[in-house]
Amino acid sequence: MDSSLIEDRELACYTSWLGPTELQRYQRFVRSERQRQFLLGRILLRHSLSQLLDVPVSVLQLTERPGNAPQLDFPVCPDLGFSLSHSGNWVACALSASTRLGLDIELLNPDRDFPALALHAFDAADAVENAWLQQQDVGNRMHDFYRLWTSREARIKLNAKLNMENAECLHFPHPELSITLCSAGQLTSPPQLLHIDLLSAE
């Protein structure tokens, strides 16, 4: 979802969708941009869950868990997995009915010093990836760096950083973003990138 197309006044009524712990977290954000990203992420998540589970948005209750994705209080689909990510004006959500997921998106910025950034961003545990990046063609270095970065972040969200051989990671082409989706189990069908317009909050 490209949130630059959505005005703040269109979002105000959607705070009614938030549960008590979500509303508390929403109100704690000091920066309006971060508050906006949070609300858009929860709108997108609820809309996607509503479609997947074929239930009204009003029955979906989410509880905040510090340091983790929110908990969905919906026992009918115990294996459901979802993950949220945001970067700049973009907000993204991934869902699966059968496995845990980790999603990360990053806005592409060609003006960064990628060799220096890689040395700072990737620690000794990522020495192989860092060495590989330094050997890549300069013209592709931006995409290569962001692919490594989003892969790392998606695995962390999946809690698979220490067991990476069991995670299946997919990368999606996009003109403005680097997008990586990792799953704990094999996906039964290829994921699809969907655009969701803002819906009525009623």
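Select Asp54 to begin: it is exposed, with a relative accessible area of 69% (exposed means over 50%, buried under 20% and partly exposed in between, with a 1.4 Å probe and protein chains only). Asp54 sits in the loop that links α3 (32-53) to β1 (62-65). Its phi is near 55°, a positive value in a residue that is not glycine. For background, most residues other than glycine have a negative phi.

A word on the model before moving on. It is predicted, so local features need pLDDT of at least 70 and side-chain atom pairs count only at pLDDT 80 or more, while totals for chains, interfaces and linings use all residues. Residues are numbered from 1 along each chain as its sequence is written, and side-chain values use heavy atoms, with hydrogens and water left out. Helices (H or I, at least four residues) and strands (E, at least two) are DSSP runs, numbered from the N terminus.

**Next stop: the hairpin**

Select β1 and then strand β2 (residues 68-72), which pair in the antiparallel sense over three bridges (two strands pair if DSSP finds at least two bridges between them). Click on Leu62 and look across to β2, where Leu72 is its bridge partner. The two strands form a hairpin with two residues between them, and Gly67 in the turn has a positive phi of about 80°.

**Back to α3, with α2**

Now show helix α2 (residues 20-28) together with α3. They pack at an angle of about 155°, and their axes are 8 Å apart (axes are lines fitted to C-alpha atoms, for helices over the stretch in contact, and angles run from 0 to 180 degrees between N-to-C directions). The two helices are therefore roughly antiparallel to each other (angles over 145 degrees count as roughly antiparallel, under 35 as roughly parallel, 65 to 115 as roughly perpendicular and the rest as oblique). Which residues meet here? On the α2 side select Glu22, Arg25, Tyr26 and Gln27, and on the α3 side Arg34, Gln35, Phe38, Leu39, Arg42 and Arg46; contact means heavy atoms within 4.5 Å. By class, this contact has three nonpolar, two polar and five charged residues (Ala, Val, Leu, Ile, Met, Phe, Trp, Tyr, Cys and Pro count as nonpolar, Asp, Glu, Lys and Arg as charged, and the others, Gly among them, as polar).

**The three-stranded sheet**

Select β5, β7 and β6: in that order they form an open sheet with antiparallel pairing. The edge strands are β5 and β6 (168-172), each pairing on one side only. From one strand to the next, the twist averages 15°.

Strand β5 (residues 101-107) is mostly covered, with five of its seven residues buried. Seven bridges join β5 to the antiparallel strand β7 (residues 177-183); Ile105 has Ile179 in β7 as its bridge partner. On the other pairing, β6 and β7 share five bridges in the antiparallel sense, and Cys169 stands opposite Cys182 in β7.

**Last stop: α4 against α6**

To see the contact, select Phe114, Pro115, Leu117, Ala118 and Ala121 in α4, then Arg141, Met142, Phe145, Tyr146, Trp149 and Arg152 in α6. These residues divide into nine nonpolar, no polar and two charged.
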